[in-house]
Amino acid sequence: MYNNKKKTIYLLMNLMNALCVMFSCLLSIYLIDELGLLRPWAKRNLTGYYVLVLVSYFITFVYLHPYAEIFKKRFWNNIFLIFRQNLVFAVVMSVLMMVTRNSMMESRYVYFTFVIINTGVMVVATFIFKRYVVGYYSRRKHAVQVGIATTYDRAEEAIKEIRSDWDRKIFGICILDRDMKGQKISGAQVKANRSDFENWVRVEALDEVVLYVEYYNVVNRVDVKALVEMLEEMGVTVHLNLLSLDDFADYQKKITYFSGHPMLTVSQNIQDYRKVFIKRAIDIVGGLIGCLISLPIIGITAIPLLIESPGGLIFKQQRVGLNGRYFYIYKLRSMYADAEERLKELQSQNTMKGNMFKMDNDPRITKVGHFIRKYSIDELPQFFNVLKGDMSLVGTRPPTVNEFKLYKDHHKRRLSMKPGITGMWQVSGRSRIKDFEEIVRLDLQYIDNWSLWMDFKILCKTVLVVMNKQGAQ
């Protein structure tokens with residue numbers, strides 16, 4: 001799944017620009033009024049003028065999309081884009097003022113002063129925004145983690161270009177034409193060579209891989225295609241030099257600018273970042289509501305649970321999330337305190353085929369544990385995982401670390417979307433499914449066909465499944 005990580009930055013940037021416009025608007029009126037150049041009749045409809053300013057800004061932004069690539073541009077390119085936006089903005093505003101006959105159109109001093117101030121304010125604000133806000137975001141754990149596969153002669157160029165991109169963090173490099181594993185190039189760690197490239201991508205938390213190669217001169221056509229197919233099987237988004245598109249007819253393709261260079265982006269499912277942003281907004285609202293509802297239920301459940309089995313109330317376990325990121329999942333403890341230690345002796349009674357452990361009448365589960373599992377009460381603390389951003393309300397099941405270590409290439413693609421409290425597996429009879437490959441099939445079905453409407457249907461089905469105690473053990 002091609003998940004555009006700019007959604008949060010775009011929202012903050014739009015808010016910043018709206019604040020810049022309103023600040024420039026108020027400052028221009030104040031300055032002209034102080035200079036005695038603002039006519040009394042021009043003040044009759046200031047509220048209407050402010051509304052026109054905001055409407056003009058949003059029309060301009062929707063029409064131009066001037067910031068779609070602004071964080072991949074040089075400083076002078078940014079200034080040009082801001083100047084172009086303000087030029088169109090001025091034209092749109094003048095047209096709206098004439099159409100609505102706003103009294104402020106009589107004061108040309110305010111109009112021109114506002115456009116000039118706003119251009120300058122936006123340049124300064126964008127510089128500060130890129131330097132501090134974007135810098136802070138890119139250092140967080142949710143920044144896009146990129147692996148580079150390139151040749152030695154192009155490695156420094158690739159590193160330099162990708163480092164100039166605000167939302168991407170270089171996680172490691174694979175040198176395809178020689179063995180430099182363990183060495184550093186321009187401060188970036190070489191973590192793989194051609195022979196172990198596949199294993200490196202499988203076990204590491206990579207969101208994207210950049211194939212930065214000379215297509216005809218370095219790697220033959222079959223090898224490049226094989227690399228892309230291998231990465232796509234894992235669900236990793238691939239950026240590569242522009243090749244013949246006919247070789248990748250089975251995938252969704254998109255021409256994008258990656259660190260200022262045109263690239264062919266190949267992914268099984270390229271998603272609109274706006275929809276992904278809406279999904280996250282729903283997660284935050286749902287997570288808050290879920291936490292408020294869960295707290296009293298957890299408080300009531302804690303009494304019999306701790307009486308029957310002394311120990312911690314919350315069970316914390318390391319799981320593997322989006323593209324291989326490790327995080328701690330929270331659950332109400334439904335097993336005895338020594339459950340993890342007893343797992344090895346019970347492996348022979350595993351009823352699941354594949355990389356999961358399930359057991360009928362698991363002796364590690366307490367009596368209260370059986371009850372809270374039947375009604376999925378043990379899952380309630382995961383609303384805190386949703387708020388943290390490690391999980392979503394709807395997604396795939398997060399595997400344990402041991403399960404993840406046994407994954408084959410095609411298994412990793414189920415991690416190309418953020419794990420969820422519920423998902424296709426949970427509403428399809430979860431405990432009745434005994435084959436791990438069937439779980440993978442359901443997860444990939446969800447990823448390949450994801451939509452907000454599908455999430456809504458799964459949430460509704462989850463409520464029915466919990467109420468009817470279907471598929472829970």
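A helix, as the word is used here, is a DSSP run of H or I with at least four residues, numbered from the N terminus. With that in hand, let's look around this predicted model.

Helix α6 covers residues 197–203, and in this helix Glu198 and Arg202 sit 4 residues apart, about one helical turn. Their side chains meet in a salt bridge. Glu198 is partly exposed, at 31% relative accessibility, while Arg202 is buried at 18%.

A search of the whole structure finds 12 salt bridges. Here are three of them:

| Pair | N to O distance |
|---|---|
| Glu198 and Arg202 | 3.7 Å |
| Lys331 and Glu379 | 3.9 Å |
| Arg413 and Asp448 | 2.9 Å |

Lys331 belongs to strand β10 and Glu379 to the loop between α10 and α11, so this pair ties together parts 48 residues apart in sequence. Glu379 is buried, with a relative accessible area of 17%.

Arg413 is buried at 9% relative accessible area, whereas Asp448 is partly exposed at 31%. Elsewhere, salt bridges with shared partners join Glu198, Arg202 and Asp409 into one network.

Now for helix α5, which has 12 residues (152–163). Its buried residues are Arg154, Ala155, Ala158, Ile159, Glu161 and Ile162. They cover an arc of only 170 degrees around the axis, which puts them on the same side of α5. The face turned away carries the exposed residues Asp153, Glu156 and Lys160.

Finally, Val91, Val95, Met98 and Val99 form a nonpolar surface patch with about 380 Å² of accessible area together. Val99, in helix α3, is exposed at 64%.

Definitions and conventions: Residues are numbered from 1 along each chain as its sequence is written. This is a predicted model: local features need pLDDT of at least 70, side-chain atom pairs count only at pLDDT 80 or more; totals for chains, interfaces and linings use all residues. Side-chain values use heavy atoms; hydrogens and water are left out. Patches are made of residues with over 30% relative accessible area and no salt bridge: like charges are joined within 9 Å, nonpolar side chains (Val, Leu, Ile, Met, Phe, Trp, Tyr) within 5 Å. Accessible areas come from the Shrake-Rupley method with a 1.4 Å probe; for residues, only the protein chains shown count as cover. A salt bridge is a side-chain nitrogen of Lys or Arg within 4 Å of a carboxyl oxygen of Asp or Glu. Helices (H or I, at least four residues) and strands (E, at least two) are DSSP runs, numbered from the N terminus. Buried means under 20% relative accessible area, exposed over 50%, partly exposed in between (1.4 Å probe, protein chains only). The expected span of a helix is 1.5 Å times one less than its number of residues. The arc is that of the directions from the helix axis to the C-beta atoms.
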